[in-house]
Amino acid sequence: MTRIPVFIEGQDDLIDLLATAMCSICYNTSSFIEFYVLDCGICPFNKKQLESLKTKFDNFSIEYLPVDLKRFEGMKGWKAGNFLDCYARLLIPELKPDIDRAIYLDSDVIALDDIKLLWDQDLDGFETGLVADIGYGDDSFYFENCTRNLGVPAEHVYANAGMFLIDCKQWREHGTTEKLLEIGRKFKDKLLVLNEDILSVYYAPNRYKRLENRFNLTDLNSRVARYGITDDYLADEWKNVVIYHFCHGKPFRQIKNNYNGKTIRHFDAFWFFAQMTPFYAGMRFRMNEALRADTGAKTKYSLFGILPILSVRRKNGKTLYKLFGILPVMKKKER
């Protein structure tokens, strides 16, 4: 049986998504999956929960690879929290020096077909296989920042960093990890999308194997037709999607996507796999709370079930508290 090494970033606040991604891969793949979790902070209990998935699937193993986040000092972190764990993927060939080829996946993905279809792709001598980012066009802020501030030529095809197919042997020989980290520090104040921007600087112009979008497909209309990503092309990719990446709408906290208000593609598929995990109840509870906050749901508290004491209404990220249902006493903005 083919053994496929799959690396996924892991930490406690994303453990439910990691488990869902793992279930989707095991469910759709007949090969044996060697999961390597880039451990950026996972407690023993959550590791036991992941291990419990072996009662459902017998075609995988798990090894945790501790990531020293000090390695990323001097680099720009992700969002306001300045999270540096997003760079863990750049260490993969070093963390497992005995592996010559690997797949990396973000935790907010699901497999909808056999992942061996990705594993079998020919890199044609390139050290990395990536998928073009559908949202990168001449009118996008990615394009403007890359060409104006990072020196990336306009003909370069911007890649989405949610999936790598890596020739680890070449990566190590080229010293790619240190080169990427150096770029990250050099352009710290000019990076917008971090890994994607760093990879664009390093691989420009187009020094990576461009894989079909079905291997990292995202829910966004085509804006980059000049790269061959037309509506007709995407229609065919949707029929053959292997890895679906929830970039533009997160089904664990919303139903509709962020760009046209339509239902997120494969929303039901995400929850089909989520219910296979031990984290399902918590995920459903948080989803329901998020929906209540967005729809303006009201909760009433009454004395003896008759006399209204307090009403709580959540809408658009704000919570309004009223005494007796009519007297505003506090308004709170949710984080």
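Modeller: Let us start with one pair in this predicted model: Glu34 and Arg3 form a salt bridge, and their closest N and O atoms are 2.7 Å apart. The pair links distant parts of the chain, since Glu34 sits in strand S2 (residues 32–39) and Arg3 in strand S1 (residues 3–10), 31 residues apart.

Biologist: Is Glu34 buried or exposed? And how does Arg3 count?

Modeller: Here a cut-off is needed, because buried means under 20% relative accessible area, while exposed means over 50% and partly exposed covers what lies in between. Glu34 has 15% relative accessibility and therefore counts as buried, whereas Arg3, at 45%, counts as partly exposed.

Biologist: Which residue does Asp39 meet in a salt bridge?

Modeller: The side chain of Asp39 meets that of Lys47, with 3.0 Å from N to O. Asp39 has a relative accessible area of 11%, so this residue is buried, and Lys47, with 23%, is partly exposed.

Biologist: What distance, N to O, goes with the salt bridge of Asp100 and Arg172?

Modeller: The side chains of Asp100 and Arg172 meet at 3.0 Å, N to O.

Biologist: How many salt bridges does the structure hold, and which residues are linked in a network of them?

Modeller: The structure holds 18 salt bridges. As for the network, salt bridges link Glu9, Arg89 and Asp106.

Biologist: Now I would like to turn to helices. How are two packed helices described?

Modeller: The general idea is that one gives the angle between their axes together with the distance between those axes. In this structure, helix H7 (residues 176–186) packs with helix H8 (residues 195–203) at an angle of about 115°, and their axes are 9 Å apart. Angles of 65 to 115 degrees count as roughly perpendicular, and H7 and H8 are therefore described in that way. H7 passes H8 in a right-handed crossing.

Biologist: Which residues make the contact?

Modeller: On the side of H7 they are Thr176, Lys179, Leu180, Ile183 and Gly184, and on the side of H8 they are Ile198, Leu199, Val201, Tyr202 and Tyr203. Seven of the residues in this contact of H7 with H8 are nonpolar, two are polar and one is charged.

Biologist: Could we also follow a single residue? Where does Ala269 lie, and which residues does Ala269 touch?

Modeller: Ala269 lies in helix H10 (residues 267–274) and, at 17% relative accessibility, counts as buried. If residues up to four places away in sequence are not counted, Ala269 touches Ile110 and Leu112. Sequence and space can also be set side by side here, for Ala269 and Ala111 are 158 residues apart in sequence, and 9.5 Å apart in space from C-alpha to C-alpha.

Biologist: What does the secondary structure of the protein chain come to, and what share of the residues is buried?

Modeller: The protein chain has 11 helices and 14 strands, and buried residues make up 52% of its 335 residues. Among contacts between residues at least 6 apart in sequence, 70% join residues at least 24 apart.

Key
Residues numbered from 1 in each chain as written. Predicted model: local features only at pLDDT ≥ 70, side-chain atom pairs only at ≥ 80, totals over all residues. Heavy atoms only, no water. Salt bridge = Lys/Arg side-chain N within 4 Å of Asp/Glu carboxyl O. Helix = DSSP H or I, 4+ residues; strand = E, 2+ residues; numbered from the N terminus. Buried < 20%, exposed > 50% of the residue type's maximum accessible area, 1.4 Å probe, protein only. Axes fitted to C-alpha atoms, helices over the stretch in contact; angles between N-to-C directions. Parallel < 35°, antiparallel > 145°, perpendicular 65-115°, else oblique. Left-handed = near helix turned anticlockwise from the far one by under 90°. Contact = heavy atoms within 4.5 Å. Nonpolar A, V, L, I, M, F, W, Y, C, P; charged D, E, K, R; others polar.
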